[in-house]
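Please consider the model shown below together with its sequence. The paragraphs after it lead through the structure step by step.

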Amino acid sequence: MSYWLMKSEPDVFSIDDLKRKKREAWDGVRNYQARNYLRSMAVGDEVLFYHSSCAVPAAVGIARVRKAAFPDPTQFDPGSDYFDAGSKPEDPRWSAVEVEFQRKFKKPLPLELLKTLPELAELALVKRGNRLSVMPVGETEWQAITALAT
DNA sequence: GCCAACGTTGGC
DNA sequence: GCCAACGTTGGC
């Protein structure tokens, strides 16, 4: 089993939204590196849910991959913000996965805190200029983070 | 194929 | 709101 971290802006879609909806398609990813990670996900993989672009950027809970990568429907929807005229249905450019709510941490683990953990020194999240919205998390990294979660 | 311009992300 | 970092676009 693999571990991942996925960013979401809480104003758009928060851990509470996922908790309420139970499961959600993770679509709209329009970055090739992030897309490739989506395609590497397997059912059952665990995902750290991270809130970005907000007052306190933080890891806030855990989700689980419920459905492996499939063509992101929003790329073919002209009404969607994520519409991609260059993507052909016979050769979809973008992928989505479906995730399912697992749990919400009682207290968020702020980026500021995560940055202090020596185990996370190599995690893309804490690196300068990091913009990747989907990234792999190593076993040791996962343990270090979840050990702090309540 | 290079690279400047531009747009986006995301922390602060 | 600002700005650094980075990806993408498009002219040449």
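This is a predicted model: local features need pLDDT of at least 70, side-chain atom pairs count only at pLDDT 80 or more; totals for chains, interfaces and linings use all residues.

Residues are numbered from 1 along each chain as its sequence is written, chains are lettered from A and ligands numbered from 1 in the order in which they are written, and side-chain values use heavy atoms, with hydrogens and water left out.

DNA strand B is surrounded by K7, Y50, S52, S53, P57, L111, K115, N130 and R131; a residue is near a molecule or strand if one of its heavy atoms lies within 4 Å of it. By class, this surface has three nonpolar, three polar and three charged residues. Here Ala, Val, Leu, Ile, Met, Phe, Trp, Tyr, Cys and Pro count as nonpolar, Asp, Glu, Lys and Arg as charged, and the others, Gly among them, as polar. Sugar or phosphate holds 78% of the atoms of DNA strand B within 4 Å of the protein, and bases hold the rest. Among the polar contacts (pairs of N or O atoms within 3.5 Å; within protein, one must be able to donate a hydrogen and the other to accept it, and residues adjacent in sequence count only if both atoms are side-chain atoms), a polar side-chain atom of Y50 lies 2.8 Å from a phosphate oxygen of DNA strand B.

S53 is found in the loop between β3 (46-51) and β4, where helices (H or I, at least four residues) and strands (E, at least two) are DSSP runs, numbered from the N terminus. Its relative accessible area is 56%, and S53 is therefore exposed; buried means under 20% relative accessible area, exposed over 50%, and partly exposed in between (1.4 Å probe, protein chains only). Phi of S53 is near 50°, a positive value in a residue other than glycine. Most residues other than glycine have a negative phi. K22, in the loop between α1 (15-21) and β2, also has a positive phi, near 70°. K22 counts as exposed because its relative accessibility is 55%.

DNA strand C is surrounded by Y32, R128, G129 and R131. Sugar and phosphate account for 60% of the atoms of DNA strand C that come within 4 Å of the protein.

Attention now passes to the pocket lining. K7, S8, W26, D27 and Y82 lie nearest the centre of the largest pocket, which is lined by 19 residues. β2 gives the most to this lining, with three residues.

S8 is found in strand β1 and counts as buried because its relative accessibility is 9%. Its side chain reaches the backbone oxygen of F13 at 2.5 Å. Leaving aside neighbours within four places in sequence, S8 is in contact (heavy atoms within 4.5 Å) with F13, W26, F49, Y50, H51 and S52.

How values were computed. On a 1 Å grid over the protein atoms alone, a cavity is a set of points where a 1.4 Å probe fits but cannot get out, and a pocket is an open set with protein on both sides within 12 Å along at least five of seven lines; lining residues have an atom within 4 Å of a point.
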